[in-house]
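Keep the structure open beside you as you read.

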Amino acid sequence: MRKTMLFLLGFCLAAGALFAQELKSPNGKFELNFTLNNAGTPVYTLKYKKKTVINPSKLGLESFGDKPSFYDDFSITALKNASFDEVWQPVWGQNKNIRNHYNEMAVTLTQKTTERVMILRFRLFDDGLGFRYEFPQQPKLSYFAIKEELTQFAMTGDHTAYWIPGDYDTQEYDYTTSKLSEIRSVNEKGRQNNLSQTGFSTTGVQTSLQMKTADGIYINLHEAALLNYACMHLNLDDKNFIFQSWLTPDANGTKGHLQAPCTTPWRTIIVSDDARDILASNITLNLNEPCKIEDTSWIKPMKYVGVWWEMITGKSEWSYTSDLPAVQIGVTDFNKVKPHGRHGANTANVKRYIDFAAKNGFDGVLVEGWNIGWEDWFGHSKDFVFDFKTPYPDFDIDEIHRYAKSKGVKMVMHHETSSSVRNYERFMDEAYQLMNKYEYPAVKSGYVGDIIPRGERHYSQWINNHYQYAIEKAAKYRIMVNAHEAVRPTGICRTWPNLIGNESARGTEYQAFGGSKPNHVTLLPFTRLIGGPMDYTPGIFEMDISKINPKNHSHCNATIANQLALYVTMSSPLQMAADLPENYERFPDAFQFIKDVALDWDKSIYLEAEPGEYITVARKAKGTDKWFVANTAGYSPFTSKISFDFLDPDKQYIATIYADASDADYKTNPQAYSVRKVIVDRRSRLIQLSVPGGGYAISVFPVTDKTQMKGLKKT
């Protein structure tokens with residue numbers, strides 16, 4: 001039998017492009033068709049439940065210079081099929097156990113005229129497809145430069161898309177919902193101002209791109225395992241509805257420099273007729289390598305507060321003095337200048353946050369603006385901008401360490417690089433050593449402004465390699481990383497779980513910069529969060545920013561109940577209670593949910609979902625019988641109807657429901673909420689209204705004492 005199989009395989013390969021190669025997912029719902037066209041160009045098609053979701057789409061890479069491209073003139077010279085099925089456990093995440101189950105097809109292509117070899121590897125899961133290009137070691141190929149990746153995603157129609165404009169330097173945009181055919185006409189309107197931004201096309205968009213077809217099929221395009229490669233955007237041919245990959249260029253205009261043997265990141269297509277499946281997909285994680293950190297005991301989820309929101313709103317400042325037009329690290333003596341009195345990172349103020357964290361059971365306190373150099377940190381293309389180790393005179397780093405330790409609180413370090421990447425690498429070892437000395441377990445790094453070296457972009461191959469270097473270097477010092485303004489995540493947190501958070505999208509800070517759309521948080525789980533968790537910094541209770549800073553007339557477009565829900569609907573092992581302590585003290589009953597909510601999970605169940613409209617999810621806290629349930633709504637009110645059938649059948653629970661009041665309104669009455677307690681079990685049902693820009697959050701704790709149920713009704 002084995003000889004017969006080999007014979008048949010050889011026959012197919014000799015026939016070359018005359019025969020299409022087919023691969024099905026383990027459950028049979030997906031079907032991949034691969035062939036070479038008459039020009040020897042690779043072409044794939046994807047079907048879901050026998051319906052085409054990706055029309056015939058070409059694959060290949062265009063080489064830089066006069067070398068032949070990896071695009072045509074190929075023949076199939078080997079074909080290998082395989083199946084894989086495992087269950088693995090992440091260090092932290094939405095589920096304790098993750099199944100990695102796929103059927104694989106590796107197609108070896110040889111270019112006839114050059115004899116160069118390229119492998120296309122396809123992995124078909126029960127929720128979608130991943131594929132990548134591989135270049136094995138070979139005599140006819142060593143080094144090559146990429147002019148462009150020519151991967152196509154041919155859509156079957158004018159789908160509804162939820163997108164942000166393509167940009168080499170920022171993802172911090174509100175999402176636009178439109179037809180594919182409308183992207184060109186509204187692309188520029190979707191580009192809000194940012195401190196660094198570089199668009200490239202009026203039909204360019206970013207991944208993760210979420211779409212919905214007219215017949216209710218949800219399609220998500222993204223990438224996984226972005227390593228030693230440029231970040232992929234998508235450029236749309238809006239006449240034929242074909243997306244083509246568009247890589248971020250290096251300073252010299254190339255899209256990447258590779259050396260065989262090497263692989264590209266995976267291109268991912270997640271598909272379902274149920275929006276909940278998009279949110280529950282683990283394709284991005286499964287396409288990354290297993291954890292490379294042998295001892296992960298030091299990687300611990302953290303809930304923190306910090307000296308941040310008062311600077312973002314303009315109540316305080318990062319800088320220390322206004323006396324000097326410019327400062328120089330190692331030259332300027334800050335002990336000889338007059339403080340302007342608005343520096344937020346002073347010892348007394350930081351101690352106030354430490355006290356608040358200790359009193360309310362928070363793990364850490366973030367302090368921004370503690371180190372010298374903030375007076376002229378941005379906008380001057382300054383290389384030596386920070387040293388990441390010298391505090392301002394009013395920040396006593398020794399006393400802060402002593403005081404925090406006495407209170408059982410860890411400090412969270414802040415490293416703003418001002419995008420001077422070379423400077424950060426210059427001081428990285430010393431900065432991480434300082435963190436070890438003062439027992440800082442995590443660092444929030446930032447990359448605001450244009451990249452230095454000049455001409456590089458935030459998402460090019462060169463800078464992506466820097467982000468990865470920082471993660472791996474931090475792991476050697478047992479430090480967790482929360483990178484802001486870095487490239488959007490692509491599941492690398494599986495391999496390097498010390499990457500405990502990222503911003504890489506429009507976060508809560510923009511609520512103090514004019515506000516974000518009220519449906520923004522109902523889209524992020526379908527887009528940005530596909531690649532990994534976000535340090536969104538939720539928990540704003542005072543929506544009128546002018547009450548914090550009279551000169552800032554921004555408004556946070558959310559209700560308090562919505563802000564509570566984000567801790568569950570936008571799960572992250574690193575969560576901040578971002579508002580000022582005094583605002584939490586005004587609403588202690590609502591603040592209780594933030595104190596109670598878990599960070600790490602045994603199980604997550606998506607109950608209701610529609611991109612841009614609503615998301616409802618239930619999560620079981622790791623190692624406990626506690627559940628947390630939450631919903632966020634978009635522009636329209638949403639009546640959630642859920643069952644508690646996920647609960648243990650032998651137990652009763654007390655559900656504390658934090659919900660929008662009937663007269664709540666995210667603009668005019670955002671602080672109107674109700675808190676009620678009811679008894680629930682697995683037979684219980686709940687109907688709950690969320691107002692526009694609103695939501696609800698529920699803590700579901702098992703009954704441990706019958707007296708807890710006294711006076712409570714059962715739902």
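## A three-stranded sheet

Strands β5, β10 and β19 form an open sheet in the order β5-β10-β19, and the pairing is antiparallel. β5 (61-63) and β19 (256-259) sit at the edges with a single partner strand each, so one side of each has no neighbour in the sheet. On average, neighbouring strands here are turned by 50° against each other, direction ignored. β10 (residues 143-149) runs antiparallel to β19, and four bridges join the two. I146 is the residue that stands opposite G256 in β19.

A word on the ground rules: this is a predicted model, in which local features need pLDDT of at least 70 and side-chain atom pairs count only at pLDDT 80 or more, while totals for chains, interfaces and linings use all residues. Residues are numbered from 1 along each chain as its sequence is written, and side-chain values use heavy atoms, with hydrogens and water left out. Helices (H or I, at least four residues) and strands (E, at least two) are DSSP runs numbered from the N terminus, and two strands pair if DSSP finds at least two bridges between them.

β3 (residues 42-48) is mostly covered, with six of its seven residues buried (buried is under 20% relative accessible area, exposed over 50%, partly exposed in between, with a 1.4 Å probe and protein chains only). Seven bridges pair β3 with β2 (residues 30-36) in the antiparallel sense, and N33 stands opposite T45 in β3. Five residues lie between the strands of this β2 and β3 hairpin, where G40 takes a positive phi near 80°.

β3 also pairs with β4 (residues 51-58), again in the antiparallel sense, this time over five bridges. K47 stands opposite T52 in β4. The hairpin of β3 and β4 has two residues between the strands, and K49 takes a positive phi near 50°.

## Helix pairs

The axes of α6 (residues 347-360) and α7 (residues 397-406) come within 10 Å and cross at roughly 15°. Axes are lines fitted to C-alpha atoms, for helices over the stretch in contact, and angles run from 0 to 180 degrees between N-to-C directions. α6 and α7 are therefore roughly parallel (under 35 degrees; over 145 is roughly antiparallel, 65 to 115 roughly perpendicular and the rest oblique). T347, V350, K351, I354 and D355 of α6 make the contact with E399, I400, Y403 and A404 of α7, where contact means heavy atoms within 4.5 Å.

α10 (residues 560-569) packs against α12 (residues 588-596) at an angle of about 10°, with the axes 10 Å apart. That makes α10 roughly parallel to α12. I560, L564, Y567 and V568 in α10 meet A590, F593 and I594 in α12. By class, this contact has seven nonpolar, no polar and no charged residues (Ala, Val, Leu, Ile, Met, Phe, Trp, Tyr, Cys and Pro count as nonpolar, Asp, Glu, Lys and Arg as charged, and the others, Gly among them, as polar).

## A loop residue, T198

Where does T198 sit? T198 is in the loop between α2 (183-186) and β14 (204-206). Its relative accessible area is 16%, so T198 is buried. Leaving aside neighbours within four places in sequence, T198 is in contact with G166, D167, Y168, D169, R191 and R457.
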